[in-house]
Amino acid sequence: MFLASMIARESSFYYCDEHFSYIQSDIEKRIFGIMLDRIGDNEQLIFTTHNTDSLRNAVENDVFSSLPQDSLLDELEMRWADES
């Protein structure tokens, strides 16, 4: 139901509070990845879990391609350095 509501764009805010705490962690990661693929630009997802170690490693290694793109900040810093 949760994934269906995201796909149907029923809201702009989704809160998933440990719905998958009893699911094997690889399946939970896969479902989380699907959620990240489906989330729109103007939508927000809050996802809580007890499987923190595996999920934390996945996020830190950008498995879900969810890290912010910060190259514009690098460009801004370089411009400011050139002006100094």
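This report walks through the nonpolar core, a surface patch and the salt bridges of the structure above. The model is a predicted one.

**The nonpolar core**

Let us start on the inside. The largest nonpolar core is built from nine residues: Phe 2, Met 6, Tyr 14, Cys 16, Ile 31, Phe 32, Met 35, Leu 45 and Phe 47. Four elements, namely helix 1, strand 1, helix 2 and strand 2, each give at least two residues to this core. Helix 2 provides the largest share, with three residues.

Helix 2 itself is 14 residues long, and the distance from its first C-alpha to its last is 20 Å, close to the 20 Å expected at 1.5 Å a residue. Which residues of helix 2 are buried? They are Glu 28, Ile 31, Phe 32, Gly 33 and Met 35.

One is Met 6, found in helix 1. Met 6 counts as buried because its relative accessibility is 1%, and the cut-off for buried is under 20%. Setting aside residues up to four places away in sequence, Met 6 touches Tyr 14, Met 35 and Ile 39. Along the chain, Met 6 and Met 35 are 29 residues apart, yet their C-alpha atoms are separated by 7.5 Å.

The other is Leu 45. Apart from neighbours within four places in sequence, Leu 45 is in contact with Phe 2, Tyr 14, Phe 32, Met 35, Leu 36 and Ile 39.

Ser 5 is buried, with a relative accessible area of 14%. Its contacts, leaving out neighbours within four places in sequence, are Glu 10 and Tyr 14.

**A nonpolar patch on the surface**

Some nonpolar residues sit on the outside. Phe 13, Tyr 15 and Ile 46 form a surface patch with about 270 Å² of accessible area together. Phe 13 belongs to strand 1, and at 41% relative accessibility Phe 13 counts as partly exposed.

**The salt bridges**

Now for the charged residues. Side chains of opposite charge can pair when their charged atoms come close. How many salt bridges are counted here? The count comes to two, and the table gives both pairs.

| Pair | Closest N and O atoms |
|---|---|
| Arg 9 and Glu 43 | 3.0 Å |
| Glu 75 and Arg 79 | 2.8 Å |

Take the pair of Arg 9 and Glu 43, with closest N and O atoms 3.0 Å apart. Arg 9 lies in the loop between helix 1 (2-7) and strand 1 (13-17), and Glu 43 lies in the loop between helix 2 (25-38) and strand 2 (44-48), so the pair ties together parts that are 34 residues apart in sequence.

Glu 75 is partly exposed, with a relative accessible area of 35%.

Technical notes. Residues numbered from 1 in each chain as written. Predicted model: local features only at pLDDT ≥ 70, side-chain atom pairs only at ≥ 80, totals over all residues. Heavy atoms only, no water. Salt bridge = Lys/Arg side-chain N within 4 Å of Asp/Glu carboxyl O. Buried < 20%, exposed > 50% of the residue type's maximum accessible area, 1.4 Å probe, protein only. Core = buried A, V, L, I, M, F, W, Y, C linked by side-chain atoms within 4.5 Å. Contact = heavy atoms within 4.5 Å. Patch = residues over 30% accessible without salt bridge, like charges linked within 9 Å, V, L, I, M, F, W, Y side chains within 5 Å. Areas by Shrake-Rupley, 256 points an atom, 1.4 Å probe, with all protein chains shown as cover. Expected span 1.5 Å × (residues − 1).
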